[in-house]
Amino acid sequence: MNTTDDHSRREFLKRLGGGIAIFVTFGGKLALVEQAEAQGSRGVPADFNAFLRIAENGRVTCLTGKIEMGQGPITSLAQMLADELDAPYEMVDMLMGDTDLCPWDMGTWGSRTTRFFGAALRVAAAEARGVLMELASEALNVPISRLEAKDGAVFDRKDEKKRVSYGALAEGKPIARHLTVKPDLKDPSQFRVMGQPKLRRDSLEKVTGKAKYAADIRLPGMLYAKILRPPAHGAKLKDLDTSGARKVAGVRVVEDGDFVAVLHELPDVAQRALGRIKAEFDVPPATVTDENIHAHLLRVAPKGDVAAERGDLKKGRKLAARTFETTFFDGYVAHAPMETHAALANIEDNKCTVWASTQNPFGARDQIARAIGFRTEKVRVITPFVGGGFGGKTSNMQAVEAARLAKAVGRPVQVMRTREEEFFYDTFRPAAIVKIHSGIDDAGRMTLWNYEVLFAGQRGSEHFYEIPHHRTTVRPRGWTRGRGTHPFATGAWRAPANNTNTFARESQIDIMAAATGVDPIELRLKHLEDPRMIRVLKAAAERFGWTPATSPSKRGLGVASGIDAGTYVAAIAEVAVDARTGNVEVKRVLCAQEMGIVINPQGATIQMEGCITMGLGYALSEEVHFRGGKILDTNFHRYEIPRFSRLPKIETVLVEANEIAPQGGGEPAIIVMGAVIANAIHDATGARLLRMPMTPARVKAAMQET
Amino acid sequence: MPDPISFKLNGKRVRLEVDGNRKLLWVLRTELEQTGTKYGCGSGFCGACMVLIDDRPVRSCLARVESVGGKEVVTIEGLGKDGDLHPLQKAFMENDAMQCGFCTPGMILTAYGLLRSKPAPSREEIIRGMDGNLCRCGANTRIIDAIQSAATDVRKRRSTT
């Protein structure tokens, strides 16, 4: 630690108030951190901020840069902290996503909260427990070896009346402790709070309307801003006349180059005044559309990198009795969270505070600081409840706009996107293509797997089957590209890349199973050696009541499995297909998941249910329609997300694996939804769907081809 | 200035001097600070802005504020009576029938209207009654369960009052 850090820490402790604060200084020595780093983590906090604070009233505050957008860390992190600290679960408060008070965090994405931050939090909590034992030993004059901690107090095992509460120990401090050695973490057999199904901790606020989201924050004198938007991506502002808007009483107009905003004390009046601006744009000619996009993508795809390889593809081809070449297609998919992006910015005493709906408050802080020319410590981002993110609330454009406008007008400014703006500026899941060339020998063993994914990204592209000769090529590794590829921004969408990759891989496995007359689960098990995958697939088959058959069996049953964020999933679905309309009714989905130690089985189950429900959308109906940079789907009447009437019967199975560290939970179960439905459609009709979403028109067309 | 508009909001009389053509949603969220009423789409497609007008669910993003003159408006903040939660609110909590919570006020108020017209709805009737409300997190199955379990409590409450 240098002196700047010491100064910052003192400032920080002042902000935090009294009590015991626990810092964790990671030197790469901790096994947990080493493990996190080995898995490619850059997300474990290493700054001076505390992970937790114990107040004099005994309440424990968990400080985390993670945010609550529905996925449930407000509950699961509290469980982890309470258990390792031996504090009552009800005494834990959560303080999330405040850049002035919480340890630095990269962002809430990638199903990393439990895996990485959670691991560090448990270490901090266990360390705090050690500190409390030391303090108690002094206070009670009893050696540590005789002390025990339970329910927020430390007592003498030989004389339980000799006890002191955590709150009393925290009195008159502050104490800041640093972790240097690895404390003992609890074994699952010692868990009292972790592993227990817990209901959400934020539900009372959410059912009474008290829960505040970014657009619900009110400050005296605040203005609502509406910003001039181009009709299409790539359009350039040519001519501007703001006089109509300026005539509206109480309106302020900010013009800063292409950035034009109308502000008013009432949001709807600002919106109406915006409509009075006359603006002309040069719109570039539309060359790509949602119909021809894949031909365009094939033309512009980069050469790519080999992500995995073994054996010799030529040999694999020679060994194959039959080979299969398939090309799969996926369209653009929107995040469409129910809460549109919103932010409120306020500048006071040269400090800019922004309440923002964001998945990465620290990233937002840095972006805002750059945009308005403030030092980062002069910007504070506070994250209230976030109304859904799914990977889409990471660019922070609205937070930067609010800060720029607050600086321009000298009053607090709210920016909240309309639904139309939300669709326009979304960072869509990219349209993609997957080409697979695979082969199987006379004995029914796969010999060849040549896999190429264009534009979806690498995650989930590497298969887990035993195939002697295989190669996986990613063109490119990521899901964002520069100009000339996609006509608008693309980005991470819940289990990025993996939805497209699992759709293609698991469909191809079924194509081979059907062609060789083998039950699709049997073919998979024949090529699996990973015990985790075998276990989860068998669990799904058993709980569903699967009986072996060759597809198409007319039963309408499909299977798919995959790995995401360290978690293994296998799903089985039952569908009915209307031959006349091509409409697919998903009747039942069973999903088995093995995610290592489960912190909150209730939360994990709900995430699986949410994944299954949301996954119905990209599988069956969700696709962004566009002409060049113009987005045609502007609201929910055109962009169809799953409704109540789409719901299948949903069943979930958590496969116990307490010998494995906790893995991701927010994303994995969504990856199987494309393939499990495609395979079920094939089983029902004999038609093979190669393109998502599997709309009635595409299903009908595929049925006519067979 | 236009004529003032008077109505009851969550049991309290409100008198506003506003342009009567403005949408109720914005007046509720801005002047009246009832931010539990959410903007989701602005066009009546999602149901996040649902409020009760004279005990019936209405999408406040489509309703002009002058249309509630002399009527009784209840938002999610006013659904519970005398500090008690409404059975639907309790059931949503007990069933974990939400994730991000943004659609929750609209879901609860739509369900309120559903139970008003169908005190003992079947699962299919709940699905039909709720189909115009969108939830992106996928809490749908739990929302159905919550409505079903609340229905019994609501019936009991009605019969005792």
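Is the crossing of helix 2 of chain B and helix 3 of chain B left-handed or right-handed? The crossing of these two helices is right-handed. The views below come from a predicted model.

**View 1. Helix 2 of chain B crosses helix 3 of chain B.** Helix 2 covers residues 87–94, and helix 3 covers residues 104–117. Their axes come within 10 Å. They cross at roughly 130°. Helix 2 of chain B is therefore oblique to helix 3 of chain B.

**View 2. Side by side, the residues where helix 2 of chain B meets helix 3 of chain B.** Helix 2 brings B:Leu88, B:Gln89 and B:Phe92. Helix 3 brings B:Thr104, B:Ile108, B:Ala111 and B:Tyr112. By class, this contact has 5 nonpolar residues, 2 polar ones and no charged ones.

**View 3. Domain 2 of chain A touches domain 3 of chain A.** Chain A is divided into domain 1 (3–200), domain 2 (214–283 + 341–416) and domain 3 (293–333 + 428–705). The C-alpha centres of domains 2 and 3 lie 39 Å apart. Domain 2 gives 9 residues to the contact, and domain 3 gives 10 residues. On the domain 2 side, 4 residues are nonpolar, 5 are polar and none is charged.

**View 4. Chain A meets chain B.** The contact takes 44 residues from chain A and 41 residues from chain B. On the chain A side, helix 6 (203–208), helix 8 (267–274) and helix 17 (601–620) each give two or more residues. Helix 17 of chain A supplies the largest share, 6 residues. The chain A side holds 20 nonpolar, 14 polar and 10 charged residues.

Terms used. Residues are numbered from 1 along each chain as its sequence is written. Chains are lettered from A and ligands numbered from 1 in the order in which they are written. This is a predicted model: local features need pLDDT of at least 70, side-chain atom pairs count only at pLDDT 80 or more; totals for chains, interfaces and linings use all residues. Domain bounds come from an automatic or database domain assignment. Two residues are in contact if their C-beta atoms, placed from the backbone, lie within 7 Å. Ala, Val, Leu, Ile, Met, Phe, Trp, Tyr, Cys and Pro count as nonpolar, Asp, Glu, Lys and Arg as charged, and the others, Gly among them, as polar. Axes are lines fitted to C-alpha atoms, for helices over the stretch in contact, and angles run from 0 to 180 degrees between N-to-C directions. Helices (H or I, at least four residues) and strands (E, at least two) are DSSP runs, numbered from the N terminus. Angles under 35 degrees count as roughly parallel, over 145 as roughly antiparallel, 65 to 115 as roughly perpendicular and the rest as oblique. A crossing is left-handed if the near helix is turned anticlockwise from the far one by less than a right angle, and right-handed if clockwise.
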